[in-house]
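Colleague: Walk me through this one, please. I'd like the general idea behind each feature, then the case at hand.

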Amino acid sequence: MFSKIQTTKSTENISDNIEKLKEKIRTADAVVIGAGAGLSTAAGFTYSGERFEKYFSDFRKKYGFEDMYSGGFYPYQTPEEHWAYWSRYIFVNRYQDASKPVYENLLKFVIDKDYFVITTNVDHCFQKAGCDKKRLFYTQGDYGLFQCSEPCCQETFDNEAIVLEMLKQQKDMKIPTELLPVCLHCGKPLTMNLRSDDKFVEDEGWHKAAERYENFLRTRSGLKILFLELGVGFNTPVIIKYPFWQMTAKNPNATYACVNNGQAFCPTEIQHKSICINNDISDVINKCM
């Protein structure tokens with residue numbers, strides 16, 4: 001069992017660690033990026049405050065919630081209200097671009113490396129930034145995909161066209177009933193392809209991505225691997241954080257790097273081969289370029 005140690009916060013340590021990170025990226029045989037919600041936050045995808053008010057002030061006034069996440073779980077009385085909210089939510093968090101080029105800059109300094117990305121983010125930012133789809137595993141779903149709520153099948157469905165139509169036709173925080181999305185196979189309501197329970201659909205694309213990730217790790221075992229964790233919290237640590245710690249401990253040539261504003265730490269067992277940077281991810285990425 002790992003024990004964790006909080007890193008020291010100081011300008012000198014941050015600067016030194018950024019230089020160490022740059023060197024590890026330069027000399028690594030392979031880089032595995034593990035990205036969590038903090039990376040998208042650094043890119044400008046915030047879910048409360050000014051951005052929430054800009055797009056959802058009418059929902060806030062009517063329903064009383066103060067951030068986008070809460071709105072996503074609100075028990076709306078009708079599906080027409082539910083999809084009025086969710087169509088707007090999907091549009092601003094999936095089909096709009098982030099305000100800061102954090103993802104683009106991240107890919108710039110690993111583009112010439114042998115890299116792979118595993119992410120719990122569902123906002124499609126890696127794809128929009130130009131990440132090679134064959135080097136990406138999005139484990140928790142995608143805001144751009146629907147699935148059957150039953151589910152009657154292991155399929156997902158692109159939702160851009162219907163979401164844009166919902167957005168265009170919604171009025172008084174409701175969409176027309178005829179726009180409610182239903183499964184093409186069984187007629188049951190469609191829902192978001194987001195992992196929240198045991199009904200999450202892992203379609204063919206998901207399984208192929210999982211296989212490519214596992215193959216990448218297997219074929220690079222023992223090499224100089226940099227496990228670069230960005231903005232990963234403790235909501236789902238078993239997907240990225242814990243495996244990164246374990247793989248770093250097992251591989252004598254591996255390095256673990258964690259960049260997370262205020263939450264960068266590592267277990268004492270791998271402290272000697274870890275780089276922890278408590279700072280804004282965007283700032284760190286810019287300084288690494």
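Modeller: Let's start with Lys208, which is found in helix 9. Helices are DSSP runs of H or I with at least four residues, strands are runs of E with at least two, and both are numbered from the N terminus. Keep in mind that this is a predicted model: local features need pLDDT of at least 70, side-chain atom pairs count only at pLDDT 80 or more, and totals for chains, interfaces and linings use all residues. Residues are numbered from 1 along each chain as its sequence is written, and side-chain values use heavy atoms, with hydrogens and water left out.

Colleague: What is the relative accessible area of Lys208?

Modeller: First the scale: under 20% relative accessible area is buried, over 50% is exposed, and partly exposed is in between, using a 1.4 Å probe and protein chains only. Lys208 comes out at 43%, so it is partly exposed.

Colleague: Let's do a contrast. Where does Ala35 lie, and is Ala35 buried or exposed?

Modeller: Ala35 lies in strand 2. Its relative accessible area is 0%, so Ala35 is buried. A contact here means heavy atoms within 4.5 Å. Leaving aside neighbours within four places in sequence, Ala35 is in contact with Ile118, Thr119, Thr120, Asn121, Phe126, Leu230, Val232 and Ile240. Gly233 is 198 residues from Ala35 in sequence, yet their C-alpha atoms are 9.7 Å apart.

Colleague: Which residues of helix 10 are buried, and what covers them?

Modeller: Helix 10 covers residues 241–250, and its buried residues are Lys241, Pro243, Phe244, Trp245 and Thr248. Their cover includes strand 2 (30–35), strand 3 (115–119), helix 9 (204–219), strand 8 (225–230), strand 9 (255–259) and strand 10 (265–267).

Colleague: Now helix packing. At what angle do helix 3 and helix 5 pack?

Modeller: Axes are lines fitted to C-alpha atoms, for helices over the stretch in contact, and angles run from 0 to 180 degrees between N-to-C directions. Under 35 degrees is roughly parallel, over 145 roughly antiparallel, 65 to 115 roughly perpendicular, and the rest oblique. Helix 3 (residues 49–63) and helix 5 (residues 79–95) pack at about 170 degrees, with axes 11 Å apart. The pair is therefore roughly antiparallel.

Colleague: Which residues meet there?

Modeller: From helix 3, Arg51, Tyr55, Phe56, Asp58, Phe59, Lys62 and Tyr63; from helix 5, Glu81, Ala84, Tyr85, Arg88, Tyr89, Val92 and Asn93. By class they divide into eight nonpolar, one polar and five charged. Nonpolar means Ala, Val, Leu, Ile, Met, Phe, Trp, Tyr, Cys and Pro, charged means Asp, Glu, Lys and Arg, and the others, Gly among them, are polar.

Colleague: What about the backbone?

Modeller: As a rule, most residues other than glycine have a negative phi, and most peptide bonds are trans. Here, the peptide bond from Glu150 to Pro151 is cis, with omega near -10 degrees. Pro151 is in the loop between strand 5 (141–148) and strand 6 (157–158).

Colleague: Which phi value does Asp172 have, and which does Met173 have?

Modeller: Asp172 has a positive phi of about 55 degrees although it is not a glycine, and Met173 has a phi near 60 degrees. Asp172 sits in the loop between helix 8 (160–169) and strand 7 (190–194), and Met173 is in the loop between helix 8 and strand 7 as well. Asp172 is exposed at 59%, whereas Met173 is buried at 14%.

Colleague: Finally, how many helices and strands does the protein have?

Modeller: Eleven helices and eleven strands. The radius of gyration is 20 Å, close to the 19 Å of the globule rule for 289 residues, so the protein is as compact as a globular protein of that length. That radius is taken over C-alpha atoms, and the rule is 2.2 Å times the number of residues to the power 0.38. The C-alpha atoms fill a box of roughly 60 × 40 × 35 Å along the principal axes, and buried residues make up 51% of the 289 residues.
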